[in-house]
Amino acid sequence: MNLFRFCSGLKVLGYFMILLVLAFVAVSYYAVVVNTWWPILVETDHRALSALACLIILVFHFLLIMLLWSYFTVVFTDPGSVPEHFRRELGGDSLEAGASTEQGAFGYCPKCRNVKPPRCHHCSVCQRCVLKMDHHCVWIVNCVGARNYKFFLLFLLYTFLETLLDVVVLLPSFIEFFSQAIKHSSSPGQLASLVLAFVLNLAFVLSLLCFVVMHLSLLSTNTTSVEVHEKNGDVRWKYDLGKKKNFEQVFGKKKAFWLLPLYSKDDLNNITSLQGLEFPTHSDVAP
């Protein structure tokens with residue numbers, strides 16, 4: 001009995017997670033903007049406090065836009081799959097047992113009945129092979145692979161910064177919550193949204209910090225979450241080109257696009273790793 005067939009059921013859970021993400025954004029928006037800092041902006045006569053409220057609201061909206069842009073980009077971007085006629089283009093049935101070509105060593109996936117380019121792995125949830133697969137993320141109902149890894153990293157980054165901002169700007173109100181609860185000076189709905197938003201954002205910022213640090217470490221060595229188990233600690237990872245080149249293999253060379261969930265045409269045309277079929281190794285790179 002193949003238990004991995006039931007993994008495809010995680011897709012259904014993933015669609016629920018998208019709604020959960022949007023609900024989390026809505027709760028945070030209500031607590032930070034509607035309930036806390038917008039009233040301060042429009043009601044206070046203190047110029048410095050008004051300027052601070054304006055700055056917080058502007059930064060909040062900027063991070064929110066970047067977060068949602070990155071999120072929906074990674075949700076709707078195909079991580080990369082093996083082309084249907086890839087096996088015939090590379091030499092036919094002789095590749096089924098694994099072989100080497102001018103483009104590198106290829107494996108064979110018995111489930112897809114197709115060759116696997118370097119760094120490609122089969123996803124039991126998506127039921128297909130994914131190019132440079134990192135992991136299947138239930139939060140985005142998608143795999144993270146060669147063609148959307150950058151967007152996933154930006155989603156992590158902007159979500160971490162947004163939740164960190166929420167925790168910082170809600171902390172004074174959260175401390176004040178206890179005195180207001182005793183005096184009954186605020187409505188139960190306002191207090192509940194404040195506590196819920198603060199606790200959720202605090203939980204997310206702590207967990208996201210671990211993910212951000214982990215993926216920065218993987219990025220610096222040009223490694224995926226799957227490949228961590230394939231590396232030999234005593235030997236330099238063959239795809240490790242040095243920190244700068246490793247970064248460019250994911251984010252591209254155009255600095256203007258680094259913090260945006262998109263690529264320049266030059267990077268897409270010139271950096272083969274972004275297509276997920278060919279990857280340079282450190283032996284290919286001149287010292």
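How many nonpolar, polar and charged residues are there, by class, in the lining of the largest pocket? The legends below take up this question first, for a model that is predicted.

**View 1. The largest pocket and its lining.** The largest pocket has a volume of about 450 Å³, and of the 19 residues that line it, Trp139, Phe155, Thr159, Phe204 and Leu208 are the closest to its centre. Sorted by class, the lining comprises 16 nonpolar and three polar residues, with no charged residues.

**View 2. Elements that supply the lining of the largest pocket.** At least two lining residues come from each of helix 1 (10–43), strand 6 (135–137), helix 4 (149–183) and helix 5 (188–220). Among the contributors, helix 1 gives the most to this lining, with six residues.

**View 3. The largest nonpolar core.** This core has 51 residues, and those with the most contacts inside it are Phe152 and Leu170. Two or more residues of the core are given by each of helix 1, helix 2 (47–76), helix 4, helix 5 and helix 6 (243–251), while helix 4 gives the most, with 15 residues.

**View 4. Surroundings of Phe152.** When neighbours within four places in sequence are left aside, Phe152 is in contact with Val74, His135, Cys137, Val144 and His215. Phe152 is also, together with Leu170, a residue with the most contacts inside the largest nonpolar core.

**View 5. Helix 6 and the residue that follows.** Within helix 6, the buried residues include Asn246, Glu248 and Gln249 as well as Val250 and Phe251. Just after this helix, Gly252 takes a positive phi of about 85°.

Notes:
Residues numbered from 1 in each chain as written. Predicted model: local features only at pLDDT ≥ 70, side-chain atom pairs only at ≥ 80, totals over all residues. Heavy atoms only, no water. 1 Å grid on protein atoms, 1.4 Å probe; cavity = no way out; pocket = protein on both sides within 12 Å on 5 of 7 lines; lining within 4 Å. Points joined across faces, edges and corners; volume = space filled by probe spheres on them. Helix = DSSP H or I, 4+ residues; strand = E, 2+ residues; numbered from the N terminus. Nonpolar A, V, L, I, M, F, W, Y, C, P; charged D, E, K, R; others polar. Core = buried A, V, L, I, M, F, W, Y, C linked by side-chain atoms within 4.5 Å. Buried < 20%, exposed > 50% of the residue type's maximum accessible area, 1.4 Å probe, protein only. Contact = heavy atoms within 4.5 Å.
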